[in-house]
Amino acid sequence: MGFKRAGAAFALVFGLCVAGDASAQAQCEHLGAQAVAAERQGRPFWFRTYKKRRLVALVLAECAYRPEAERALATAIDDRRFARLSVQDRYTTLSAAATNAWQLQHYPQARDLYRRVVALSPDEADDWYRLSVLERVQGDHAASARAMIHVIEHWPELLDHVQDQSIFALIHQLEPRAQVRLDLLQALYDANWQRKGQGADTAWYELALMRVDRGEADAARAAIRRISASRELILLRADRRFDGLVDRQAMAFDVDNAALREVELQRTLLAARPDSLQLHTQLSRALLMLGRSEEALALCDDALKAIADAPADRPPYADDAEYRVWLMNNRAIALRRLGRLDEALQELRRASERREGDSVNVSQILNLGDYYASLGRSDEALATVAAVGTDINGYGRMVQALVELRAQSQRGDAAQVARALAYLREHRREDGTVLLEGLLQAGRMDEAEQALLASLASASERADALYWLQRFREADALPGDRDRRARKAELIARERVQAAIAQVGRIESYGIHATNEMD
C-alpha cells in the first residue's frame, strides 16, 4: 500500500503536512473509520464541497477502504460537476475507481470504467492491458484482442511481461477466421515476439494458416520462415494447403533435426537462467520428445532434489509453485517409458495431490486417471477423475469424459459408455480428436470413420486431425491401450479414410514422441 499519494490528498483536504508513512497510516485509519461509521449510521460523509468529497474518495481508495471508496468515487463521477474537471483530474478519478473495482473483483464495473479511462487518456499501457483482461473475463474476446493489439502496437517492449499462455489462450478463443484474430497475430509478428528467446511458433503457424486460407502466399511464406519447432513443422508437412510453400526435403523442415535444436535451445536458455524451474520443465519435455528418457529423468531428479534439500526460506527456484507439478509429470512420463510403471504411478499420484492455489490440481488428476485407465485399473480411474470438481474448462471436461468412457468400457457398462460418448459428441468442437479416441475405445468404427472424414473436410479441424494421424515413436502399449491402438490402425487403413487423407494431406513417420504423451 502506498501512502504518499494519500498523504498528498490529505494535505489538500486538511491542510496537513504528512510526516511519513506512519503518519499517513494513522490518517488513513482515522478517515476510514469515519467513513465506515457514517455509512453505518445511514448519513452522508461530512465533507460539504464537491472538491473535498472527490479528494476524500481518492484517499479512501488509496487507503484500501474499498467498498467505501467505490461508493464515494461513484458519487463523485456521477456528479454533474465531474464534467467540469480538468482532463487530468477526471483521469485520476476514473482510474482510481477502475482500479478499486478491479481490487473488489467487480469486473463488469471495472471494465466499463477502464473503457472510459482509455477513451479519456489513451497513453497508459497498464490501462489498456487491464481493459484487455477485463474484456476477456466478460467473454468479449474480440474486444479483448483489440485492446491487446493497442498494447502491442504502442508498447511492443512490454510483451515479455505478458504471460505467454494468456496470449495463446486469447488467440484460441477468437473465431478461427475472424479479422481481429488475424490482426492480433500480425501485430505479434510485427512486434517480433520472441517469448524471451523461446520463440512463438504456434502463433506463426496460426498466422501462416490464416494467410494460406486467404490465398496470401507471400504473407504465409513470411510467417513460415519463423517456424522451427517440431510440432508446427509436422503440421506444415502434413497439410497440402502448404504444398508449394514447404520443401519437405529441406533441412529447415526436418522434424527430427528440429527436435535436436529444441534441446540445445532449452539448454542454452537454462544455462542463462538456472533458477528457472519453467526452463527445467521445458528442457525435460524436449528430451522426452527425442526419446532421451534417462536424461530427462536425471534432470527432473536433480531439480526436485534441489527443492527438497533447500532451506524453506531460500527456495532454489522462483517459480517452484507453478512448475513443480509439471516437472513431476514429466518425470512420470520418463519412468513409464523406461518400463518403471509403478514408480510412474507413484509420481503422478504425488503430483495430483499438490494443489493449484486454492483449487485441486485438475491437470495431474486427469493425467493420473488416464494412466489408471491405461493400466486397466478402471475403478481407480473413475474414482480419480471424480475428484476434479467444478473448476475445470471445456477441454478438461472432455478428457474427464474420455477417461470415464475408457474405464466404463473396461467394466462392460454399456449405459455409462453411451453417456460419456454422448457428452463427447455434444462437445466435439472443444477437440475432435478426443471424440475419435472415445469412439475407438467404444469400438464404434463406422462412426469414428465418419467423424474423422468430417474433421479432414473441415478447414478449422483438419490440422488437429492430420497431427493425430501421424506415426510417432511409442512405448509398448499398456493393457488398457492395446485395443484402441489396434482400432486406430484399422481405422486409418480403411479405403475411404485413405482417400480423404490423400486429398488434403499425408501421413509420415517420425523418430520422436508426440508432445506430452505418456506413450
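Residues are numbered from 1 along each chain as its sequence is written, and side-chain values use heavy atoms, with hydrogens and water left out. Because the model is predicted, local features need pLDDT of at least 70 and side-chain atom pairs count only at pLDDT 80 or more, whereas totals for chains, interfaces and linings use all residues.

**Salt bridges**

The whole structure holds 42 salt bridges, a salt bridge being a side-chain nitrogen of Lys or Arg within 4 Å of a carboxyl oxygen of Asp or Glu. Helices, as named below, are DSSP runs (H or I, at least four residues) numbered from the N terminus.

| Pair | N to O distance |
|---|---|
| Arg506 and Asp243 | 2.9 Å |
| Asp446 and Arg494 | 2.9 Å |
| Arg485 and Glu474 | 3.6 Å |

The bridge between Arg506 and Asp243 has its closest N and O atoms 2.9 Å apart. This pair links distant parts of the chain, 263 residues apart: Arg506 is in the segment after helix H27 (495–504), and Asp243 is in the loop between helix H13 (230–238) and helix H14 (255–272). Accessibility is classed as buried (under 20% relative accessible area), exposed (over 50%) or partly exposed (in between), with a 1.4 Å probe and protein chains only. Arg506 is buried at 12% relative accessibility, while Asp243 is partly exposed at 35%.

The side chains of Asp446 and Arg494 also meet in a salt bridge. Asp446 counts as exposed because its relative accessibility is 55%.

Arg485 forms a salt bridge with Glu474. Arg485 lies in helix H26, and Glu474 lies 11 residues away, in the loop between helix H25 (462–469) and H26. Both residues are partly exposed, Arg485 at 23% and Glu474 at 47%. Elsewhere, salt bridges with shared partners join Asp370, Arg406, Glu437, Asp481 and Arg484 into one network.

Helix H23 (residues 432–442) is largely enclosed by the rest of the structure, because 10 of its 11 residues are buried. Glu437 is among these buried residues, and is also a member of the salt-bridge network. The buried residues of H23 pack against H21, helix H22 (414–426), H24, H25 and H26. Just after H23, Gly443 adopts a positive phi of about 75°.

Helix H21 (residues 394–411) contains Arg397. Arg397 counts as partly exposed because its relative accessibility is 23%. Leaving aside residues up to four places away in sequence, Arg397 touches Val388, Gly389, Thr390, Ile392 and Tyr423, a contact being heavy atoms within 4.5 Å. The C-alpha atoms of Arg397 and Val385 are 9.8 Å apart, with the two residues 12 residues apart along the chain.

**The cavity**

A search of the whole structure finds one cavity of 30 Å³ or more. A cavity is a set of points, on a 1 Å grid over the protein atoms alone, where a 1.4 Å probe fits but cannot get out; lining residues have an atom within 4 Å of a point. The largest cavity holds about 60 Å³ of space, a volume being the space filled by probe spheres set on the points. Its lining includes Arg285, Asn330, Arg337 and Glu517. Helix H15 (277–290) and helix H17 (320–337) are the elements that give two or more residues to this lining.

Methods. On a 1 Å grid over the protein atoms alone, a cavity is a set of points where a 1.4 Å probe fits but cannot get out, and a pocket is an open set with protein on both sides within 12 Å along at least five of seven lines; lining residues have an atom within 4 Å of a point.
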